[in-house]
Amino acid sequence: MQEKIGRLSSQYQDISRRLPAALFSIDINKAIDAFAKNSGVNVKEKKPGATVRREVVEEVPVDVVIEGTFGDLAQFIYQVSSAEKMSRVKNITISDPGQGLKRLRFEGQVVGYKLAPEKPKTENKK
């Protein structure tokens with residue numbers, strides 16, 4: 001049991017070193033713009049979502065709509081998933097915008113993660 005607790009403690013320390021304590025939608029928007037420029041996609045829409053609190057982390061989602069070739073979209077997703085602060089793209093839909101071009105429309109969420117603030121410990125009064 002102590003060995004498992006030690007491993008979990010070590011994993012938590014590793015996560016806490018990698019994740020920022022503060023992360024805002026504006027930070028994610030700036031990164032999305034940079035990734036879009038580097039991958040050649042066009043950002044059509046960005047909309048911040050509600051922060052979701054988990055046990056150890058908080059998810060900071062931004063809904064995005066981008067257009068580009070399949071290769072450009074793949075490059076964008078790769079850059080997002082390789083970033084340290086943003087490690088996930090989810091709720092993906094890829095469709096043909098119907099303009100007769102060889103471009104695709106990507107709709108999904110770019111999710112950044114930050115450490116959740118620690119819950120205040122309640123004292124047991126006896």
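This is a chat about a predicted model of one protein chain.

Q: Where is confidence lowest, and where is it highest?
A: Confidence is lowest in helix H1, residues 2-18, with a mean of 73. The highest value, 95, belongs to strand S1, residues 42-48.

Q: Which way does S3 pair with S1, and over how many bridges?
A: S1 and S3 are antiparallel and pair over 6 bridges. Within that pairing, Asn42 stands opposite Glu67 in S3.

Q: What about S2 and S3?
A: Strand S2, residues 52-53, also runs antiparallel to S3, and 2 bridges join them. Val52 stands opposite Glu59 in S3. The two strands form a hairpin, with 3 residues between S2 and S3.

Q: And how many bridges between S3 and S5?
A: There are 12 bridges between S3 and strand S5, residues 104-115, and the pairing is antiparallel. One example is Pro61, whose bridge partner in S5 is Val111.

Q: Switching to Lys90. Where does it sit?
A: Lys90 is in strand S4, which spans residues 86-95.

Q: Buried or exposed?
A: Lys90 counts as buried, because its relative accessibility is 18% and the cut-off for buried is under 20%.

Q: Which residues is Lys90 in contact with?
A: Leaving aside neighbours within four places in sequence, Lys90 is in contact with Glu59, Gly108, Gln109 and Val111. With Glu59 there is also a polar contact between the side chains, at 3.3 Å.

Q: Is Glu59 buried or exposed?
A: Glu59 counts as buried, at 7% relative accessibility.

Q: Which Arg forms a salt bridge with Glu59?
A: Arg54 does, and the closest N and O atoms of that pair are 3.5 Å apart. Arg54 is partly exposed, with a relative accessible area of 42%.

Q: How many salt bridges does the count come to?
A: The count comes to 7 salt bridges. One of them is between Asp33 and Lys46, where the closest N and O atoms are 2.7 Å apart.

Q: What does the Asp33 and Lys46 pair tie together?
A: Asp33 lies in helix H2, residues 25-39, and Lys46 lies in strand S1, so the pair ties together parts that are 13 residues apart in sequence.

Q: Are those two buried or partly exposed?
A: Asp33 counts as partly exposed, at 36% relative accessibility. Lys46 counts as partly exposed too, at 29%.

Q: Last topic, the whole chain. How much of it is buried?
A: Of the 126 residues in the chain, 33% are buried. The chain exposes about 8700 Å², and carbon and sulfur atoms supply 50% of that area.

Q: And how many contacts join residues at least 24 apart in sequence?
A: The share is 64%, taken among contacts in the chain between residues at least 6 apart in sequence.

Conventions
Residues numbered from 1 in each chain as written. Predicted model: local features only at pLDDT ≥ 70, side-chain atom pairs only at ≥ 80, totals over all residues. Heavy atoms only, no water. Helix = DSSP H or I, 4+ residues; strand = E, 2+ residues; numbered from the N terminus. Buried < 20%, exposed > 50% of the residue type's maximum accessible area, 1.4 Å probe, protein only. Polar contact = N/O pair within 3.5 Å; in protein donor to acceptor, adjacent residues only side chain to side chain. Contact = heavy atoms within 4.5 Å. pLDDT = per-residue confidence, 0-100. Pairing = 2+ DSSP bridges. Salt bridge = Lys/Arg side-chain N within 4 Å of Asp/Glu carboxyl O. Areas by Shrake-Rupley, 256 points an atom, 1.4 Å probe, with all protein chains shown as cover.
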